[in-house]
Amino acid sequence: APGAHRPPRGPARAWDAGGDGRLVLDRICLEAPGLLRPGGVLLLVQSALSDPGATVDCLRSAGLKSAVTQRQRIEFGPVLRARVEWLRERGLLSPEENDEELVVVRAEQPV
């Protein structure tokens with residue numbers, strides 16, 4: 001299908017996060033609650049392009065206290081620079097955007 005995600009080959013697979021950018025994030029969200037002891041904290045840095053609200057919601061659904069605690073805009077690194085056209089085709093970036101927002105999601109296992 002046009003615009004469908006095609007997983008890269010070779011070393012690029014190490015940072016490929018699937019068609020919606022959540023392949024690894026969803027796995028972390030599902031597994032983190034079982035790995036944290038009471039009072040344990042997970043700090044996760046992710047791109048705002050990969051829906052931090054979904055991360056917070058998933059962690060909360062698993063019983064963790066969760067929120068975005070910090071945001072910062074940075075210039076594209078090599079991975080996003082290589083995918084700018086693909087991101088624009090999907091409507092995730094406007095033609096004038098040349099940076100991304102990183103967010104820190106904090107999740108805590110209740111005591």
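Two residues are said to be in contact when heavy atoms of theirs lie within 4.5 Å. Counted that way, 75% of the chain's contacts with a separation of 6 or more join residues 24 or more positions apart. The structure here is a predicted model, in which local features need pLDDT of at least 70 and side-chain atom pairs count only at pLDDT 80 or more, while totals for chains, interfaces and linings use all residues. Residues are numbered from 1 along each chain as its sequence is written, and side-chain values use heavy atoms, with hydrogens and water left out.

So what is the chain built from? It has 4 helices and 3 strands (DSSP runs numbered from the N terminus: H or I of at least four residues for helices, E of at least two for strands). Along the sequence they come in the order α-β-α-β-α-α-β. Of its 111 residues, 32% are buried (buried is under 20% relative accessible area, exposed over 50%, partly exposed in between, with a 1.4 Å probe and protein chains only).

With 13 residues, α1 runs 19 Å from first C-alpha to last, close to the 18 Å expected at 1.5 Å a residue (the expected span is 1.5 Å times one less than the number of residues). There is a kink of about 30 degrees at C29, shortly before the proline P33; the bend is the angle between axes fitted to the seven residues ending at a position and the seven starting there. Both C29 and P33 belong to the buried residues of α1, along with L25 and A32. Their cover includes β1 (41–47) and α2 (52–61).

L23, also in α1 (residues 23–35), counts as exposed because its relative accessible area is 56%. Together with V24 and I28, L23 makes a nonpolar surface patch of about 260 Å² of accessible area.

Between β1 and α2 there is a loop that holds D51. Most residues other than glycine have a negative phi. D51, not a glycine, has a positive phi of about 55 degrees. D51 is partly exposed, because its relative accessibility is 42%.

L93 sits in another loop, between α4 (84–89) and β3 (99–108). Is L93 buried or exposed? L93 counts as buried because its relative accessibility is 5%. Beyond neighbours within four places in sequence, L93 touches L49, F76, V84, L87 and R88. L49 is 44 residues away along the chain, yet the C-alpha atoms of L93 and L49 are separated by 8.5 Å.

Conventions: Patch = residues over 30% accessible without salt bridge, like charges linked within 9 Å, V, L, I, M, F, W, Y side chains within 5 Å. Areas by Shrake-Rupley, 256 points an atom, 1.4 Å probe, with all protein chains shown as cover. Salt bridge = Lys/Arg side-chain N within 4 Å of Asp/Glu carboxyl O.
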